[in-house]
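This report describes the fold, cores, chain contacts and local backbone features of the structure shown below.

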Amino acid sequence: MTAELVRGQNHTLPQTRLEIRVSAGCPVVAGATLGDEHGTVRGTEWVAHPGSPRLPGLEVSRQAAADHRLAVDLDALPGAVHRVTVLLALPTGAGHPARFGAVAAPFVAVTGLDGTEIATFTLIGLDTESAVAALELYRRQGAWKVRAVGQGYAAGLAGMLADQGLDRAAELAASIQDAVASGLARSVAPPPPRAPEGERVRHPSGPAPAPTDPAPPRPGSEPLGGPTTGPAPGATTGTAPGAAAAGNAAPGTAGGGPIDYAHPRRQTSAPPPPPPTAPAAAPGQPAPPVAGDATGWSMDERLYNQIWGMFEDLARAVAAYRSAVDFAESRMEQELDRALSDPRHRMGGAGDLARERARDKCQDLTARAREVLDRDLSQLAAESAVVEPALPAPYAGWGNPVWHGYRVPMELPMALRLGDLHLPERTDLRIPLLVRLPLERGVWIDSGRTASEAAAATGGDRLRRLAMDTAVTLAARLLAVYPANEFSVHVIDPAGAAAGALAPLTDAGVLAAPPASGAGGVSAVLAHLTRRVDLVQMAVRAGAADSLPPDLDTGEHLLIVNDFPHGFDDRAVTQLRYLADEGPAVGVHLLMVADREDARDYGPVLDPLWRSLLRVTPVADDHLVDPWVGHAWTYEPCRVPEGSRVLEQVLALVAAARRADPR
Amino acid sequence: MTVNMTKGQAISLQKSDGGTLTAVRMGLGWQAAPRRGLFGSRTREIDLDASAVLFADKQPVDVVFFRHLTSDDGSVKHTGDNLVGGAGSGGDDEAILVDLQRVPVHIDQIVFTVNSFTGQTFQEVQNAFCRIVDETNGQELARYTLDGGGQYTAQIMAKVHRVGNGWQMTALGNPANGRTFQDLMPSILPHL
């Protein structure tokens with residue numbers, strides 16, 4: 001019978017192996033502290049939190065989540081422990097609610113291992129608190145009981161830990177939040193919901209127009225629906241070849257008529273061409289894969305969806321395999337234990353036989369799981385083999401021949417390939433990591449030593465050089481997929497250390513200005529971009545996008561920062577953080593090449609900056625997490641094949657297109 | 001042809017042409033009970049929830065319910081929580097799709113349950129049913145009528161389990177009480 005506790009009420013626990021389930025309306029951090037008979041937490045080693053999730057007899061999860069399961073084995077706790085306090089806290093940082101009053105009341109349940117609820121408690125009545133001690137498990141005359149506490153702390157995690165007698169509580173609270181934040185930064189965001197085609201209007205100019213306004217007024221742009229030659233720059237539709245081919249009343253292609261009666265947003269009156277259909281499969285065989293075999297209005301969109309589908313399928317197929325293998329192993333261990341403890345097995349061969357049988361069962365199940373996995377993997381590999389060659393340049397690796405036929409595009413593609421992802425079960429099956437354009441968050445290329453083998457095998461200087469090379473190829477990729485003159489790249493290289501790596505960009509002359517060096521150069525570039533962000537933001541807020549000064553470049557900007565924080569003073573750091581926060585919304589993006597260790601002196605001030613960027617590495621490293629199952633995926637950047645001149649050729653074409661169409 | 005199932009009845013999930021089933025859907029539909037008397041248009045909200053518990057060797061391994069809509073392996077999918085029921089048109093208000101071919105090899109039983117999250121007993125719910133449909137051709141394989149089902153807030157409806165290389169379904173139809181599937185675990189275990 002479940003006891004529904006109210007604040008202060010207690011309940012006897014019938015068993016010592018328990019699970020504590022937490023459900024909250026938003027991601028929360030769950031942790032636990034151990035207290036002695038006076039209720040004092042003796043040190044940080046008595047706190048289980050995402051940064052140190054395991055204590056004897058206690059395990060909490062590593063990341064913030066809306067649902068938690070804390071495993072507790074009260075018998076395994078140290079004898080000095082008389083109290084276990086389960087605490088919840090809201091993760092700090094942008095995008096998270098700051099108080100429990102703003103989210104649904106968290107619900108905590110103490111359950112047995114089979115899921116039967118013993119006691120439940122809903123933490124109602126919280127307001128400005130950002131941390132709360134939810135439950136307390138405590139010893140009373142040799143037995144354990146649970147008490148509903150629900151004590152909130154407006155001072156947050158630090159205040160709560162200090163209240164439990166921990167010195168250096170603020171430090172510990174900061175490290176907990178940091179561990180949570182690094183968990184969040186590791187996650188690959190799920191693909192955004194697809195906008196209906198009519199909404200997918202591209203905004204090459206900085207000011208993001210109100211959703212009801214499909215054509216942002218730009219200085220000098222033609223009014224919408226007028227007889228324009230070529231697509232109006234502010235209102236180029238997304239990718240609707242069907243509508244365009246039919247010449248069907250798309251704005252800007254009205255063919256000379258002065259009045260366009262078509263609804264300005266309804267551009268998909270012609271159905272998209274049907275997706276390629278797979279040839280009929282032989283009975284009993286899976287259908288042969290076909291590139292573009294997914295939904296979407298254009299081939300690009302179909303391929304994008306197909307790749308995300310492959311990503312999810314691979315994640316789930318591997319999850320099924322891993323869970324089957326885990327289950328087989330844990331069952332075998334249980335059976336071995338049982339065989340060992342059965343007195344009938346002490347004599348004769350019965351015990352050996354039982355052990356043998358347990359091992360066979362495990363091997364049999366593992367083999368069957370492997371068979372299913374191999375079937376799935378070979379299907380996905382076959383799909384990858386037809387999809388990869390069919391990819392358009394923005395989705396393709398540098399080795400793909402499509403880059404040799406590169407032409408400067410007229411419109412922005414849907415997404416860009418940042419690199420490849422793979423799992424250890426099959427390392428040659430690579431899934432492209434596609435991010436939507438325009439970029440929604442900046443990128444941080446970690447030039448520091450990471451835990452990966454590849455990084456350990458590479459020298460520090462070599463790693464820095466690789467990181468900068470990665471940044472340059474990524475910048476080149478962005479330059480190449482944007483229409484001419486709609487994307488500019490700025491470089492801050494305070495010590496001039498990256499001149500060699502930057503050569504492809506500087507030689508081709510595609511940079512907005514030579515790489516800025518020295519403190520003066522740093523502040524000049526930052527001031528220029530900050531001014532742009534300020535002006536565009538002001539114009540957007542005031543709804544007066546047409547009053548921007550005519551010399552303002554309305555394209556998108558990328559700022560490459562090498563060697564951060566070298567050459568940065570406090571003011572410059574503040575400006576950089578401002579750009580990271582406010583830039584993406586108005587088309588200014590950051591590409592940091594940095595080692596977090598170098599910026600250690602700044603302390604936690606910079607944590608939000610690192611967190612807001614997508615971290616990638618110059619060498620293979622398994623730090624990215626998928627949004628479905630949470631596997632650790634190994635990321636590798638797109639590399640130009642050895643001896644290939646494709647990067648230079650592409651950049652030369654970009655430079656030529658810029659010269660042909662000067663702004 | 002629909003089989004109106006009775007408790008304990010087992011049916012083999014085989015198609016009429018002899019092939020085994022590859023995908024099934026558990027559908028749940030209901031209609032909010034109208035309030036009588038003054039302000040008659042004000043109906044009380046009834047929230048029924050469908051859940052599927054995946055067992056490996058009698059141990060629960062994964063659960064698909066309104067807070068976990070897709071099993072980690074992707075084989076079982078919940079179409080999403082419906083909090084108020086339908087207008088009584090007879091369609092499924094909540095559904096759980098099971099791709100039997102993709103179910104991991106160690107999962108040998110999947111138990112479907114229905115709970116009344118808002119606490120009304122099945123007596124108060126109108127036109128409530130749950131059914132199992134062959135997803136490949138839309139044919140209804142089994143149907144339970146829940147309304148008028150007595151003072152119960154939950155029902156352990158059916159289980160599908162591995163038999164040889166295929167799957168078989170057994171109707172359980174066991175009434176129980178509970179708000180979510182966790183409350184039902186003790187009543188599920190005897191059926192495994």
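In the loop between which strand and which helix of chain A is A:Pro565 found? A:Pro565 is in the loop between strand S17 (556–564) and helix H10 (570–582) of chain A. Helices (H or I, at least four residues) and strands (E, at least two) are DSSP runs, numbered from the N terminus.

## Basis of the model

This is a predicted model, in which local features need pLDDT of at least 70 and side-chain atom pairs count only at pLDDT 80 or more, while totals for chains, interfaces and linings use all residues. Residues are numbered from 1 along each chain as its sequence is written, and chains are lettered from A and ligands numbered from 1 in the order in which they are written.

## Chain A and its cores

Chain A has twelve helices and 21 strands. Of its 663 residues, 40% are buried; a residue is buried if 20 or more other C-beta atoms lie within 10 Å of its own, exposed if 12 or fewer, and partly exposed in between, with C-beta atoms placed from the backbone. Two residues are in contact if their C-beta atoms, placed in that way, lie within 7 Å. Among contacts in chain A with a separation of 6 or more, 68% join residues 24 or more positions apart.

A nonpolar core is a set of buried Ala, Val, Leu, Ile, Met, Phe, Trp, Tyr and Cys residues joined through C-beta atoms within 7 Å. The largest one has 157 residues, and those touching the most other members include A:Ala471, A:Leu559 and A:Met592. Helix H4 (residues 299–341) of chain A contributes the most to this core, 16 residues. The core lies between domain 2 (299–390) and domain 3 (415–660) of chain A, because both give residues to it; the domain bounds come from an automatic or database domain assignment.

Helix H4 of chain A also holds A:Gln334. This residue is partly exposed, with 13 other C-beta atoms within 10 Å. A:Gln334 and A:Ala358 are 24 residues apart in sequence, and their C-alpha atoms are 9.0 Å apart.

Strand S11 (residues 154–163) of chain B is largely enclosed by the rest of the structure, because seven of its ten residues are buried. S11(B) pairs in the antiparallel sense with strand S8 (residues 109–116) of chain B over seven bridges; two strands pair if DSSP finds at least two bridges between them. In this pairing, B:Lys159 is the bridge partner of B:Val111.

Strand S12 (residues 166–176) of chain B also runs antiparallel to S11(B), joined by nine bridges. The hairpin of S11(B) and S12(B) has two residues between the strands, and B:Gly164 takes a positive phi near 60° there.

## Contacts between the chains

Between the chains, 15 residues of chain B are in contact with 20 residues of chain A. On the chain B side, strand S5 (59–64) and helix H1 (181–188) each give two or more residues, and H1(B) gives the largest share, four residues.

## Backbone features

Most residues other than glycine have a negative phi, and most peptide bonds are trans. The bond joining A:Phe564 and A:Pro565 is cis, with omega about 5°. The bond from A:Leu437 to A:Pro438 is also cis, with omega near -10°.

A:Gln141 has a positive phi near 50° and counts as exposed, with 5 C-beta neighbours inside 10 Å. B:Asp57 has a positive phi of about 50° and counts as partly exposed, with 16 such neighbours.
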